[in-house]
Amino acid sequence: LILSYSTDNRSQNWAGHVRKLLVKPFDIPLDKPTEVRVAAPDGREFAVRVLRSERAPESEQATFAFEAAGGAEHLARPRLTGQYDSGVTVTALATFAACPRRYYLAHELGWEQRRPTRLAERGEDFEEPATPANELGREVHRLLAGETFPASAEAQELAGTFREHALNRRAEAALRTEREWSFNFAVDDVVVSGQIDLWFVEDGGVVLVDYKTNDVAAADAAEAAENYAAQIHLYALCIERATGMRVREAYLHFLRPNALIEVEPDPELAIRAVQQLALAQERCAFPLHVAAHCLRCPFYKNLCPADFKSSQAAE
């Protein structure tokens, strides 16, 4: 705290209170910084450095660089680079890999992903499920992680589908089994975070399982699995970095149709997915990916202008 003032003995302003309560400036030598000890209201002492002078402060004329050079120099606006997020979730990356426009609407703009209660304009009849999709997914994952709580009947049924599967029996017999395994790791300068449903070590290799509660028919499971391939690649890369072991087998288990789809993990594709997202954010370019998954997208025929039926006719 620096207090400076100009006054005389007759001053009754705040400076007079400073002189009376803190220091007696006329006891201080002229033009020589002096440290004095003063008492605070609670009796404790502290140091004050005082400089008393009878001369006015010397003013300094600031010299700016552009004045010295003879005028202002106009500089070109610098090109901005590296304008992308420093962190991303695997779920967001999987959405981006499936459709950049859906990622943009959901994760960049933050629009709520809620499916309409009636899809008559799509030629479909749809009844609102008893348990919302997000809540159902959380319940199933908690049950398969071994938690005990009053879950819905639908969640119990879907969890039971995996419990009775051969993959679950293999996991229970494995030397090491990890369920709902949270992680963070870096790809270049982007931190990727997520949670792996299940992985276990068997015969010196890792088996990775990711279960889905999507409303997918068995005949469409293979096509739907393509939208989650990036997710599997990222999980495999994370496990390899954390354990030093390669993922030998990787599966997507769609619980509703009880369809198991094997995915060939490719860590290089995982790195590429992160880099592509960073590039899209830097360029602010999120194109449409029109495909059958549009019919299951909450933004289709709403915020998204995609027309899947027209694209089919054009083909």
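Biologist: Which residues does N227 touch, not counting residues up to four places away in sequence?
Modeller: N227 touches A94, A98, H293 and R296, a contact being heavy atoms within 4.5 Å. This is a predicted model, in which local features need pLDDT of at least 70 and side-chain atom pairs count only at pLDDT 80 or more, while totals for chains, interfaces and linings use all residues. Residues are numbered from 1 along each chain as its sequence is written, and side-chain values use heavy atoms, with hydrogens and water left out.

Biologist: Where is N227 found?
Modeller: N227 is found in the loop between α8 (221-226) and α9. Helices (H or I, at least four residues) and strands (E, at least two) are DSSP runs, numbered from the N terminus.

Biologist: Does N227 count as buried or exposed?
Modeller: N227 counts as buried because its relative accessibility is 17%. Buried means under 20% relative accessible area, exposed over 50%, and partly exposed in between, with a 1.4 Å probe and protein chains only.

Biologist: And A98, what does it touch, leaving out residues up to four places away in sequence?
Modeller: A98 touches N227, H289 and H293 on that basis. A98 lies in helix α3 and is buried, with a relative accessible area of 13%. The C-alpha atoms of A98 and A291 are separated by 9.5 Å, although these residues are 193 apart along the chain.

Biologist: How many residues of α3 are buried, and which?
Modeller: Seven of the nine residues of α3 are buried, which leaves the helix mostly covered. They are V90, A92, L93, A94, T95, F96 and A98.

Biologist: What do they pack against?
Modeller: The buried residues of α3 pack against helices α4, α9 and α10, and against strands β3 (87-89), β4 (176-187) and β5 (190-202).

Biologist: Take α9. At what angle do the axes of α3 and α9 cross?
Modeller: Two packed helices are described by the angle between their axes and the distance between the axes. The axes of α3 (residues 90-98) and α9 (residues 229-243) cross at roughly 140° and come within 8 Å. Therefore α3 is oblique to α9. Axes are lines fitted to C-alpha atoms, for helices over the stretch in contact, and angles run from 0 to 180 degrees between N-to-C directions. Angles under 35 degrees count as roughly parallel, over 145 as roughly antiparallel, 65 to 115 as roughly perpendicular and the rest as oblique.

Biologist: Which residues meet there?
Modeller: On the α3 side they are V90, L93, A94 and A97, which meet A230, Q231, L234 and Y235 in α9. The residues of this contact divide into seven nonpolar, one polar and no charged. Here Ala, Val, Leu, Ile, Met, Phe, Trp, Tyr, Cys and Pro count as nonpolar, Asp, Glu, Lys and Arg as charged, and the others, Gly among them, as polar.

Biologist: How do the axes of α3 and α4 cross?
Modeller: The axes of α3 and α4 come within 5 Å and cross at roughly 140°. That angle makes α3 oblique to α4. In this contact, A92, T95, F96 and A98 of α3 meet P100, R102, Y103 and H107 of α4. Its residues divide into five nonpolar, two polar and one charged.

Biologist: Which residues of α4 are buried?
Modeller: In α4 (residues 100-108), P100, Y103, L105 and A106 are buried. Their cover includes α3 and α10 (267-283). After α4 comes G110, with a positive phi near 80°.

Biologist: Different topic. What is phi of C284?
Modeller: Phi of C284 is near 55°, a positive value in a residue other than glycine. C284 lies in the loop between α10 and α11 (308-314) and counts as exposed at 53% relative accessibility. C284 and Q83 are 9.3 Å apart, C-alpha to C-alpha, and 201 residues apart in sequence.

Biologist: And what is the phi of E180?
Modeller: E180 has a positive phi of about 50° although it is not a glycine. E180 is placed in strand β4 and counts as buried, at 18% relative accessibility.

Biologist: Last, the whole protein: how many helices and strands?
Modeller: The protein has 11 helices and eight strands. Of its 315 residues, 40% are buried. Among contacts between residues at least 6 apart in sequence, 54% join residues at least 24 apart.
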